[in-house]
Amino acid sequence: MDLTWSAAQERTRLELRKWLEHSLAGWRAEIGTERSGDTREGFAQQLLWERRLYEADWSAVSWPRAYGGRDGTLWDWLIFEEEYWRAGAPQRVTQNGLQILAPSVFEHGNQEQKDLLLPRIKAGQDLWCQGWSEPNAGSDLAGVSSRARRVDGGWVLDGQKTWTTRGAFCSHLFGLFRSDPDSERHRGFTYLLVPLDLDGVTVRGFGRLDGDEGFAEVFFDGAFLPDDAVGTDVVLGEVGEGWRVAVSAASTERGLLRSPGRYQATVADLLELSEARGADAAMRRRIATAWMRVDAYRLQTLQTVTALMDGRDLGSEASLAKIWWSELDIELHEIALDLLGTDAELEGPWSKGHQFSLAGPIYAGTNEVQRNIVAERVLGLPR
């Protein structure tokens with residue numbers, strides 16, 4: 001594997017680094033106190049930031065120019081992520097659309113869906129949340145029971161989605177619905193694109209442990225979804241073949257949702273904290289081990305991107321990455337809290353980051369389920 005960047009890629013890196021330094025300063029001067037993107041005020045602030053990214057053509061570097069990208073590759077995306085997190089930029093509040101829905105549209109959407117939806121996702125005109133989890137179907141996605149009944153001119157939706165990240169602030173939902181009432185497990189699903197302002201759709205936000213309000217429950221009570229409710233066909237992929245779309249989307253979410261740049265920036269901050277707090281030898285060894293785990297994840301991601309660029313499907317191997325990055329996030333923040341000691345509660349970013357990291361082994365499929373997937377589908381062990 002060639003671990004060097006080309007001259008063109010290094011020029012892109014420097015261009016982006018300069019732009020981020022200038023633009024982040026301007027955005028922060030404009031908004032004043034920066035809030036979490038999982039609050040209503042913070043979400044609105046970060047949409048202003050997304051507008052800056054969009055206008056400067058940085059919001060989707062790996063997309064084709066025909067859909068508003070830079071004709072880059074996944075390598076360019078990795079460079080973007082490294083510089084983005086190094087600069088301390090905010091988490092992308094449009095990431096569900098950009099990083100989960102958009103890859104599915106590229107792979108499974110028809111031409112009309114690509115032409116209409118992708119530019120709107122990139123511009124942040126349509127704000128998407130993910131409607132997968134249900135009260136009795138979290139990591140067991142095949143247990144989804146929300147129903148979609150075909151009627152003249154559209155679909156009638158019934159059921160409930162929960163743990164919908166930023167659903168309280170979004171305009172649209174992409175989700176899995178059981179369209180064949182006689183089907184079981186992985187069969188009979190249809191992947192639907194749903195505006196949240198339909199009659200019969202109720203979005204009810206609720207708070208998290210850290211006080212943020214971005215989670216929502218979404219209720220469907222006989223909601224009529226017209227065939228053209230999003231300006232084009234609301235079915236992504238084929239009717240009854242929603243599981244195929246969901247599997248490819250889950251692979252993207254687990255394997256490339258969290259870039260190495262995020263953890264490289266965190267461990268760099270951890271090194272600064274250890275210097276400031278005068279870490280002892282034992283703590284320095286813990287930090288050194290964490291640094292090596294971050295670098296191992298970087299190398300593994302480079303291997304993954306190499307495979308994807310060669311046309312390989314990530315498949316069940318994505319579960320390996322998901323286990324690694326979610327548990328690594330907890331480890332980094334636990335080290336920080338141990339360094340801070342009794343001051344931990346006063347250090348908002350580290351304390352809040354730790355609270356969020358605890359969700360990592362749960363969202364995108366619990367790590368218990370991911371270990372089963374790795375055992376059965378990657379290692380070939382018996383059930």
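## A first pair to find

Which residue forms a salt bridge with E15? Look for R70: the closest N and O atoms of R70 and E15 are 4.0 Å apart. R70 sits in the loop between α2 (40-55) and α3 (74-86), while E15 belongs to helix α1 (residues 7-31), so this pair ties together parts that are 55 residues apart in sequence. R70 is partly exposed, at 22% relative accessibility, and E15 is partly exposed too, at 42%. Keep in mind that this is a predicted model.

Side chains of opposite charge can pair when their charged atoms come close. Here the count comes to 26 salt bridges. One of them joins E34 and R28, with 2.8 Å between the closest N and O atoms.

Another brings together the side chains of D338 and R286 (2.9 Å, N to O). D338 lies in helix α9 (residues 318-340) and R286 in helix α8 (residues 281-309), so the pair links distant parts of the chain, 52 residues apart. There is also a network of salt bridges that links E10, R13, R17, E21, E82, E83 and R86.

The domain assignment gives domain 1 (7-93), domain 2 (128-241) and domain 3 (258-378). The contact between domain 1 and domain 2 takes nine residues from domain 1 and seven residues from domain 2. Together these two domains bury about 800 Å² between them, 45% of it on carbon and sulfur atoms. On the domain 1 side, D38, R40 and F43 lose the most area to domain 2.

Across this interface there is one salt bridge. The side chains of D38 and R166 meet in a salt bridge at 3.0 Å, N to O.

Technical notes:
Residues are numbered from 1 along each chain as its sequence is written. This is a predicted model: local features need pLDDT of at least 70, side-chain atom pairs count only at pLDDT 80 or more; totals for chains, interfaces and linings use all residues. Side-chain values use heavy atoms; hydrogens and water are left out. Domain bounds come from an automatic or database domain assignment. Contact means heavy atoms within 4.5 Å. Buried area is the accessible area (1.4 Å probe) that two parts lose on being put together, summed over both. Helices (H or I, at least four residues) and strands (E, at least two) are DSSP runs, numbered from the N terminus. Buried means under 20% relative accessible area, exposed over 50%, partly exposed in between (1.4 Å probe, protein chains only).
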